[in-house]
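Thanks for coming. I have one structure to go through, so please look at the screen.

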Amino acid sequence: MTKTGKIVGTLLLTVWVGLSQAQPGDIDANAGGLSALRGETALDIDKDPGRIKDPVKDQGIQDRQYIHQPPLVPHQVRGYEVDLKVNRCLSCHGWKNAAARKAPRVSPTHFETRDGMTLGDISPRRYFCMQCHVPQTDAKPLVDNVFTPVESLR
């Protein structure tokens with residue numbers, strides 16, 4: 001065995017021994033000193049997700065924090081059906097019903113394709129509302145955050 005081979009073998013053995021001696025709760029040295037949001041749950045185990053936080057009630061529409069931020073949803077959406085055939089959001093926010101329901105209308109940008117062509121109905125890429133629009137909650141942040149809104153939006 002060459003000298004280089006011995007060094008590589010020794011390094012691999014050292015890393016393997018170090019990893020095998022890790023205890024649950026240890027912070028992974030390869031993670032830059034951070035612990036996972038999953039806690040000690042292994043990746044191949046589905047952890048109970050816990051209860052979904054209740055939406056903030058009676059807060060009205062929240063100010064946006066950055067340019068092009070999708071508006072937050074100021075009401076409960078649990079159980080809303082949004083699939084290929086039905087979109088419950090449009091029953092209130094579609095242009096036909098918005099005035100009667102006193103709900104904001106879907107933005108005209110949601111009728112445009114990625115090529116800029118205007119359609120007569122919601123663009124397929126904008127159909128699944130909750131990909132971008134999320135309910136407001138008072139949930140505790142998962143990580144420390146020092147974000148501040150864009151100056152012009154304060």
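Predicted model: local features only at pLDDT ≥ 70, side-chain atom pairs only at ≥ 80, totals over all residues.

Residues are numbered from 1 along each chain as its sequence is written, and side-chain values use heavy atoms, with hydrogens and water left out.

The protein chain has three helices and zero strands; helices are DSSP runs of H or I with at least four residues, strands runs of E with at least two, numbered from the N terminus. Of its 154 residues, 13% are buried, meaning under 20% relative accessible area, with exposed over 50% and partly exposed in between (1.4 Å probe, protein chains only).

Next, the largest pocket: on a 1 Å grid over the protein atoms alone, a pocket is an open set of points where a 1.4 Å probe fits, with protein on both sides within 12 Å along at least five of seven lines, and lining residues have an atom within 4 Å of a point. Its space is about 890 Å³, a volume filled by probe spheres set on points joined across faces, edges and corners. The lining has 36 residues, and Pro71, Arg105, Val106, His110 and His133 are the closest to the centre. Helix 2 gives the most to this lining, three residues.

Now the two residues. Isoleucine 67 is in the loop between helix 1 (3–20) and helix 2 (90–93), and counts as partly exposed because its relative accessibility is 48%. Arginine 38 is in the loop between helix 1 and helix 2, and is partly exposed at 31%.
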